[in-house]
Amino acid sequence: MSKNIMEYETVDLDDHDSSVVIIDQTKLPGTTEIIRLHTAQEIWDAIYLLKVRGAPAIGVAAAFGIYVLSKEILKNINFEQEQEKAFAEFYEKFSEQKEYLNSSRPTAVNLSWALNRMETICLKAGKEEKKSVEEVVEALHREAIAIKEEDIWVCKTIGEFGLSLVKPGDGILTHCNAGQLATSKYGTATAPIYLGQERGYNFHVFADETRPLLQGARLTAYELHSSGVDVTLICDNMSAMVMKNGWVNAVFVGCDRVAANGDAANKIGTSVVATVAKRYGVPFYVCAPTSTIDYDTPTGAEIKIEQRPAGEVTEMWYKERMAPEGVKVFNPAFDVTDNDLITAIVTEYGIARAPFKESLEEIRKQKQEAKAEKE
Ligand code: MRU
């Protein structure tokens, strides 16, 4: 019997084979193909081509990726030289690979967040603690594993907070895929749905198909349906109707980068859903791991929005091209939802409400305190 999609790891590490192991999400739901990424080019392509996608999963893939590449760098280090020089040689190559992976997609801050976290560990072990390069690579291994494990806890905790915002029998609408396939487990926007399902909440979920890459149809509808959740797929232009009909009690979406003022970048079309939700008085919740909050970006206006190839709009998924040759195409992968359209931002350290600048600062404080307590 074939395995349920929920039984697969979205991103994994095969240390023995020195590879990042992912489900090729471009082939879902028709084909479940597990692929192994060994080289920097393979990892970069997998992120750029959305074989692995969704902000937290991109972060985990990058962390495993830079670790795998570090093992490769280690093989070519000249160990005849002093330890300090060996580390300098290692770090130079590490930085090059880090920058390269970081250039694969611009909007999801989890990519740079995970790579920076790996770099901090690298410098701490190699420079501050003067460990050998082999030990630096071991520290990178531990950190990459920790990033993935934390992601599971983060999503589950977001799910618990999210669940406190809805009640049994509610209708929930979601856009794109902020599900298990976008994270290590549970998803962010889907975490309240999965936890609710375990507890008999009987939610009715509407999944926007999410043009142009159909993450809602191919991934969210697939994973929710495979989990036995009552899910109805709708086209992106149907959200106003289902909300007007009173079928939606809450919208949960994920995000790729939240600015310090609460403006949130997520999959293109999210801000349309938020605008419609406001019109019909439906609460609009952004589920955001704190790794997605970018306190260095003051507002949504400074968030870099990825532009993607025109073919994704004109011909991808169709048997034949569906737009005239030579027509101009605008294909931004994300949009920014203004903070005044957001009812609350649900993080693993609590629920932030307007004014977001202050409430997100409070979340940051909570996180720092929890970290200090752990150390
Ligand atoms: O282009 P994608 O598929 O990577 O976009 C994904 C999204 O927009 C998700 O909602 C976001 O990354 C959050 S995933 C928990």
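## The second largest pocket

By class, the lining of the second largest pocket consists of 7 nonpolar, 3 polar and 3 charged residues, where Ala, Val, Leu, Ile, Met, Phe, Trp, Tyr, Cys and Pro count as nonpolar, Asp, Glu, Lys and Arg as charged, and the others, Gly among them, as polar. The lining has 13 residues, and those nearest the centre of this pocket are R211, P212, D236, I268 and G269. The space in the second largest pocket amounts to about 190 Å³. A pocket here is an open set of points on a 1 Å grid over the protein atoms alone, with protein on both sides within 12 Å along at least five of seven lines, whereas a cavity is a set of points where a 1.4 Å probe fits but cannot get out; lining residues have an atom within 4 Å of a point. Grid points are joined across faces, edges and corners, and a volume is the space filled by probe spheres set on the points.

The model is predicted, so local features need pLDDT of at least 70 and side-chain atom pairs count only at pLDDT 80 or more, while totals for chains, interfaces and linings use all residues. Residues are numbered from 1 along each chain as its sequence is written, and side-chain values use heavy atoms, with hydrogens and water left out.

## The largest pocket

The largest pocket has a volume of about 1400 Å³. Its lining is made up of 36 residues, of which W113, R117, E150, K367 and K371 are the closest to the centre. Two or more lining residues come from each of helix 2 (55-75), helix 4 (109-128), helix 5 (133-163), strand 11 (293-294) and helix 11 (356-374); helices (H or I, at least four residues) and strands (E, at least two) are DSSP runs, numbered from the N terminus.

Helix 4 gives the most to this lining, with 9 residues. Sorted by class, the lining of the largest pocket holds 14 nonpolar, 8 polar and 14 charged residues.

## The cavities

With the cavity rule, 2 cavities of 30 Å³ or more are counted.

## The ligand and its shell

Where does the ligand sit? The ligand is placed in the largest cavity, on the rule that more than half of its atoms must lie within 2 Å of the grid points. Helix 2 and strand 9 (264-267) are the elements that give two or more residues to the shell around the ligand. This shell has 18 residues, the closest being R53, A55, R105, N266 and K267, where a residue counts as near if one of its heavy atoms lies within 4 Å. The shell contains 8 nonpolar, 6 polar and 4 charged residues.

A polar side-chain atom of N266 lies 2.6 Å from a ligand oxygen, an N or O atom in the side chain of R53 is 2.9 Å from a ligand oxygen, and for A55 a backbone N or O atom lies 2.9 Å from a ligand oxygen. Taken alone, the ligand exposes 410 Å², of which the protein buries 100%; accessible areas come from the Shrake-Rupley method with a 1.4 Å probe.

## Backbone geometry

The peptide bond from R211 to P212 is cis, with omega near 0°, and P212 is placed in the loop between strand 5 (204-208) and helix 7 (215-226).

S18, a residue other than glycine, has a positive phi near 50° and lies in the loop between strand 1 (11-14) and strand 2 (19-23). K130, which is not a glycine, has a positive phi of about 50° and is found in the loop between helix 4 and helix 5.

How values were computed. Polar contact = N/O pair within 3.5 Å; in protein donor to acceptor, adjacent residues only side chain to side chain.
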